[in-house]
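This briefing covers one protein model, with its terms defined where they come up. The points are grouped by topic.

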Amino acid sequence: MPDKPVLWKTTEKNIYYRIDALEAVCDRLIEELPWPGNIQTLSFLFSDYGPDEYLSLRRNISGRYGARLVYCADKEKLIAPEGAAISTNIRIKKAGSLDEIRQLYLSTVLRVFNEEFPGELPDSRIKFSENVARNYLSSEKSLCLAQGERVSGLVTVVGIKDHLAQPVDCVNWVWLDKSLRLPERIAAQGLIVEWLKRIVAQRVNCYIDSFNFRSQRFFRRIGFVPLCLNIERKS
Ligand SMILES: CC(C)(COP(=O)(O)OP(=O)(O)OC[C@H]1O[C@@H](n2cnc3c(N)ncnc32)[C@H](O)[C@@H]1OP(=O)(O)O)[C@@H](O)C(=O)NCCC(=O)NCCS
């Protein structure tokens, strides 16, 4: 991988550069690179993601840009956290109708953004989530977790194309109820890993906002690694 960004390819929505290290991506670099106004996303593929991708992005990229990391794993590399086999009252709940899943997805997305990331949910993002709910979610690729009758977790997976234009499974939402205690949380992570290993074809990815530290840590914990950074201009 090169020290300086090297143009790899341009598609309808993305312009891709290859670069050595995530740490090298900063406002100044973004401003210097050719990035035509009609291309929505500037993408950096990197091999070295450094010791802390969250800090790297906070330090180097200002609020003028929306930044999302693409994480990736082969299903064999997914790992349940230590202690996941200890029995708790967390169980897999038989998913209800697709409409119930859609509602749970949309209500948890809205709740999390309103409570934890106010100001980070523009109308375009709400429309995007509604479109995902309507057209992409499926019962087979949705996991509901519960304690008794109380729903306490949701994971949804959708089929998309990756940067190589290859089909890939994408974890497009994961939510665990704030009230879960640590042993239940660890058990939930174990159930999620087991389930992902069962339902994904081979490679699995996810797109995580630069400000979502907990989500980045969750995916790192279960074996995903950062691969690509997507930058968008905020309007
Ligand atoms: C992302 C999410 C699912 C991760 O859940 P999680 O892996 O249980 O991690 P959390 O950070 O929420 O865990 C809460 C605490 O338990 C600890 N913890 C969780 N799993 C642990 C483990 N396996 N071992 C040790 N500690 C653990 C965390 O360190 C954290 O402690 P802290 O508050 O002192 O930092 C959860 O934070 C969530 O639902 N967030 C809102 C929805 C969201 O943003 N989804 C991502 C979009 S794709």
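E7 and E8 form a hairpin with 5 residues between them, and Ala165 in the turn has a positive phi of about 65 degrees. Strands (E, at least two residues) and helices (H or I, at least four) are DSSP runs, numbered from the N terminus. This is a predicted model: local features need pLDDT of at least 70, side-chain atom pairs count only at pLDDT 80 or more, and totals for chains, interfaces and linings use all residues. Residues are numbered from 1 along each chain as its sequence is written.

- Ala165 lies in the loop between E7 and E8, and its positive phi occurs in a residue other than glycine.
- Ala165 counts as exposed because it has 9 C-beta neighbours inside 10 Å.
- Burial is defined by the other C-beta atoms within 10 Å of a residue's own: 20 or more is buried, 12 or fewer is exposed, and in between is partly exposed, with C-beta atoms placed from the backbone.

**Strand pairing**
- E7 and strand E8 (residues 167–176) run antiparallel and are joined by 9 bridges; two strands pair if DSSP finds at least two bridges between them.
- Strand E6 (residues 142–147) pairs with strand E7 (residues 150–161) in the antiparallel sense, over 6 bridges.
- The hairpin of E6 and E7 has 2 residues between the strands, and Gly148 there takes a positive phi near 60 degrees.
- Leu154 in E7 is the bridge partner of Cys144, and Leu154 also stands opposite Trp175 in E8.

**Core and contacts**
- The largest nonpolar core has 50 residues, and those with the most contacts inside it are Tyr105, Val155 and Leu229.
- The largest share of this core, 6 residues, comes from E8.
- A nonpolar core is a set of buried Ala, Val, Leu, Ile, Met, Phe, Trp, Tyr and Cys residues joined through C-beta atoms within 7 Å.
- Not counting residues up to four places away in sequence, Leu229 touches Leu22, Val25, Ser43, Phe44, Ala67 and Leu69; a contact requires C-beta atoms, placed from the backbone, within 7 Å.

**Overall fold**
- The protein comes to 6 helices and 10 strands.
- Buried residues make up 30% of the 235 residues.
- The radius of gyration is 18 Å, which agrees with the value near 18 Å for a compact globule of 235 residues; the radius is taken over C-alpha atoms, and the globule rule is 2.2 Å times the number of residues to the power 0.38.
- The C-alpha trace spans about 55 × 35 × 30 Å along its principal axes.
- Of the contacts between residues at least 6 apart in sequence, 74% join residues at least 24 apart.

- Leu98 lies in helix H3 (residues 98–116) and is partly exposed, with 14 other C-beta atoms within 10 Å.
- Leaving aside neighbours within four places in sequence, Leu98 is in contact with Leu137 and Ser139.
- Helix H4 (residues 123–135) is hardly covered: the count of buried residues among its 13 residues is 1.

**Ligand shell**
- Of the 16 residues around the ligand, Pro81, Arg185, Arg214, Ser215 and Phe218 come nearest; a residue is near a molecule if its C-beta atom, placed from the backbone, lies within 6 Å of it.
- E8, helix H5 (182–199) and helix H6 (213–221) each supply at least two residues of this shell.
- H6 gives the largest share of the shell, 5 residues.

Notes: Two residues are in contact if their C-beta atoms, placed from the backbone, lie within 7 Å.
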